[in-house]
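My entries follow in the order I checked things.

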Amino acid sequence: MTARIREFLKYRIADGPCLVVDLDVVRDNFVAFAKVLPDTKVYYAVKANPAPEILKMLAALGSCFDVASVTETEAVLAAGCTPDRISYGNTIKKESEIATAAKLGVTLFAVDCEAEVEKIARVAHGARVVCRIHCDGTGAEWPLSRKFGCEPDYATDILEHAHKLGLIPHGISFHVGSQQHNVEAWDRALASAAAIFRTCAERGIFLSMVNLGGGFPAKYVRKTPKLESYGKAIFRALRKHFGNSIPETIVEPGRGLVGNAGLIEAEVVLIAKRSPEDELRWVYLDIGKFHGLAETIDESIRYPIRTTKDRDEMAPCIIAGPTCDSVDVLYQKTPYPLPVSLAIGDKVLIEATGAYTSTYSSVGFNGYPPLRQYVI
Ligand SMILES: *Cc1c(COP(=O)(O)O)cnc(C)c1O
């Protein structure tokens, strides 16, 4: 917890769970990316946390943005970003959305099939397209799987199709999976990207950019490699596969920019034993899967949870949310150690919750309001 968040929470009148995001941490993270990958532009993946204060600060720092919808495009423009600093990275768009984004000035779109190329050609004449190739997501705690990206062998045909329809084939993109623990995960994708650059060149199409995606981790319970190690491994892979003609590169960190900047303060609603001799307590919080902690699905993301009693004896618990839905359980397969002295009404702090929380919160399921967010 940062000193600024501690100070903020000291004076907050508790009114349900809340997320507090420290902008200073986001700024430090942005600077760290610029330092570790000096020749690579940062496109913040807006979906991680679209709070206007975050977008405004990043826009002022010179960040570019990866958007997935018209609403995100408008939010980024309202924050003071110019359309030339926007990449529309979602490969699944309605034609009407492409048209609106193009009217707003966006000229860079991602595709992963020919049908999407055709939509763009119809409503965004002369746009630049980047073809997304598939990555298997091994090593990632939140893999993006088969949903996105063509087989690398198919990318050249897709980009040639774009060229024939009057679009500008601009480059290749991929995402190695979110919360990626393996710093070498970029190597295989960059090998594929370099091969596509070569086959495109043989057909007279000269690509200029590689979008390295996101995947940079936040620090949860499990240890993660340092950002510097990612930078070094990516640069090594670029050199290995592109030799002396390294293309323009961009990264799209979401989690890596805002994850560790946020903290949720929640409260223990109930501690229950299912039988008198039950060792395993059920601890119910006033926040759960439906209030922003959706990434606990399959217990994928294991958030650090702190209490004021962490020096006391610990015992494993099942942690669950407050709603009447049985999927609203956070940690059960691997029970979570919490202090034996933990009591109803105690505060708990859920750390590293700046990314993929506020927007995952439901709109009033069981009457609970969406997660409150303060950006300080
Ligand atoms: C979600 C997403 C990102 C951000 O991923 P992180 O792992 O949070 O850094 C980047 N690019 C695209 C296209 C995405 O969909």
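Entry 1: I started with R27, which forms a salt bridge with D24; their closest N and O atoms are 3.1 Å apart. The model is a predicted one, and I read every distance with that in mind. Both R27 and D24 sit in helix α2, 3 residues apart, about one turn of the helix. An α-helix has 3.6 residues a turn, so residues three or four places apart point the same way. I then looked up the exposure of each partner. R27 counts as partly exposed because its relative accessibility is 35%. D24 is also partly exposed, at a relative accessible area of 31%.

**Entry 2: helix α2 itself.** I checked the length of the helix next. Helix α2 covers residues 23-36, which is 14 residues, and at 1.5 Å a residue it should span 20 Å. Which residues of α2 are buried? I noted L23, V25, V26, N29, F30 and F33. Looking down the axis of α2, I found these buried residues within an arc of 160°, so they line one face of the helix. On the other side of α2, D28 and K35 are exposed. At the start of α2, I found a side-chain oxygen of D22 within 2.9 Å of the backbone nitrogen of D24.

**Entry 3: a pair across the chain.** I moved on to E116 and K93, which form a salt bridge with closest N and O atoms 3.1 Å apart. This pair links distant parts of the chain, since E116 is in helix α6 (residues 114-123) and K93 is in the loop between β4 (86-88) and α5 (95-103). The two residues are 23 residues apart. Are E116 and K93 buried or exposed? I found that E116 is buried, and that K93 is buried too.

**Entry 4: a pair in helix α9.** I looked up K232 and E228, whose side chains meet in a salt bridge at 3.4 Å, N to O. Both lie in helix α9 (residues 227-242), and because they are 4 residues apart, about one helical turn separates them. K232 is partly exposed, with a relative accessible area of 49%. E228 counts as partly exposed at 44% relative accessibility.

**Entry 5: the network and the total.** I went back to the pair from my first entry. Salt bridges that share partners join R4, D22, D24 and R27 into one network. Last, I looked up the total: how many salt bridges does the structure hold? I wrote down 19 salt bridges.

Terms used
Residues numbered from 1 in each chain as written. Predicted model: local features only at pLDDT ≥ 70, side-chain atom pairs only at ≥ 80, totals over all residues. Heavy atoms only, no water. Expected span 1.5 Å × (residues − 1). Buried < 20%, exposed > 50% of the residue type's maximum accessible area, 1.4 Å probe, protein only. Arc of directions from axis to C-beta. Polar contact = N/O pair within 3.5 Å; in protein donor to acceptor, adjacent residues only side chain to side chain. Salt bridge = Lys/Arg side-chain N within 4 Å of Asp/Glu carboxyl O.
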